[in-house]
Amino acid sequence: MHDAHVNGVLQALVTNTPSIQGAAVIQADGQLVACHLPQSLDESRLSATVTAMLPHGLGMAAALECGKLEQLLLTGEIGHVLLREAGPQTMLCTVAKPNVQLEALLQASGSAASRISRILSSMSFLATPSSERSPQALYEASGFTEADQTLVTQIWPYIRTSLPSIVDRFYQTLEAEPQMAALLAGRAEMLKRVYLTWMESLFSGDYGPDFIRRQEDIGKAHTRAGVTPVFFAAGMAFLRSVFPPVLRASIPREDLAEDATGAVLRLLIFCQQIVDCKYTQTLLRLEKNVPKAK
Ligand code: HEM
């Protein structure tokens, strides 16, 4: 899946910059992540050459006290090859004709390399099971702080009576969309109870491993039931729109209502990230056709 995104960046690099003939993303161990190369260039020869060249470049940078190696430019009679760091242990290799403007080559490759680095790092974040990460790392990724955890727990007495009506509105919104309604058919009462329990758990004060596992279970249950990430994202978007006015109306102190609104929105992001990780792992497993571990 990330290959498709990286491919998109390579395609744009080659299409948008005159005289750039091709590009490839290669890991330090020689693995080719994605490539968009002219037919005349053999991808395995390119990745083998880059992998062989890299230690020399690293050695030279160290010996000449240049600091961490960021890029290597090779200029030959009939063209240039630019290697540029695109994340840990990953290089973007750009091949250009001799008439390329060097400044344009450096600039276009530099910005493609940073985009690729961002794509790869977000994919490796999503591909790691949430349960294998410390709760702390997950709080940091979503911005859900310890102060937020205290705030969310503190507002429980104000918000608890509003939750059943939020669940009703949430359910009505899902049912209004025919594709979602088909998935919900015949399970209204059961699912409304499930959603109320989940919403109450948001204010329970426990955001540790059990809470994280329960969010992962949502991803698993949804995958089983055919609830796609897009439907889930739509459900979450609805909740992000409905909570702020309800919090303002139910919490008497204005400053508390405002702080609590931010905390609840970050809590929803925290939950969504965990569920999305589960979805991503399922998709990656399907893509690689890897059998399920458990
Ligand atoms: C804010 C977004 C959503 C949240 C927080 C959420 C939460 C949950 C939870 C807690 C469960 C029970 C998981 C378990 O068995 O452990 C569940 C199951 C389910 N959800 Fe959602 N859900 C959301 C959005 C949606 C949407 C948009 C649909 C689609 C129409 C949907 C349809 C279902 C269905 C059909 C099940 C039952 C799966 C089964 O048969 O086991 N959910 N959801």
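Reader: In strand 5, which residue is the bridge partner of Leu83?

Author: The bridge partner of Leu83 in strand 5 is Cys93. Strands here are DSSP runs of E with at least two residues, helices are runs of H or I with at least four residues, and both are numbered from the N terminus. This is a predicted model, in which local features need pLDDT of at least 70, side-chain atom pairs count only at pLDDT 80 or more, and totals for chains, interfaces and linings use all residues. Residues are numbered from 1 along each chain as its sequence is written.

Reader: How many bridges join strand 4 to strand 5?

Author: Six bridges join strand 4 to strand 5, and the two run antiparallel. Two strands count as paired if DSSP finds at least two bridges between them. Strand 4 and strand 5 form a hairpin with four residues between them. In its turn, Gly87 has a positive phi of about 110 degrees.

Reader: What is the order of the strands in the open sheet?

Author: The order is 2-1-5-4-3, with antiparallel pairing among the five strands. Strand 2 (32-36) and strand 3 (71-76) are at the edges with a single partner strand each, so one side of each has no neighbour in the sheet. Strand 1 (residues 20-27) pairs with strand 5 (residues 90-96) over seven bridges, and the bridge partner of Ile20 in strand 5 is Ala96.

Reader: Which helix packs on the sheet?

Author: Helix 2 (residues 43-63) does, touching strand 1, strand 2, strand 3, strand 4 (79-85) and strand 5. Contact between two residues requires their C-beta atoms, placed from the backbone, to lie within 7 Å. The direction of helix 2 makes about 65 degrees with that of strand 1. Axes are lines fitted to C-alpha atoms, for helices over the stretch in contact, and angles run from 0 to 180 degrees between N-to-C directions.

Reader: Turning to the ligand, which residues come nearest?

Author: Of the 20 residues around the ligand, Met180, Asp217, Ala221, Ala225 and Gly235 come nearest. A residue is near a molecule if its C-beta atom, placed from the backbone, lies within 6 Å of it. Helix 8 (178-184), helix 9 (188-201), helix 10 (209-225) and helix 11 (229-250) each supply at least two residues of this shell.

Reader: Where do helix 7 and helix 11 meet?

Author: In helix 7, Ile166, Arg169, Phe170, Thr173 and Leu174 meet Gly235, Phe238, Leu239, Val242 and Val246 of helix 11. The axes of helix 7 (residues 163-175) and helix 11 come within 11 Å and cross at roughly 145 degrees.

Reader: Finally, how far apart are the C-alpha centres of domain 1 and domain 2?

Author: They lie 40 Å apart. Domain 1 covers 2-127 and domain 2 covers 131-288, with bounds taken from an automatic or database domain assignment.
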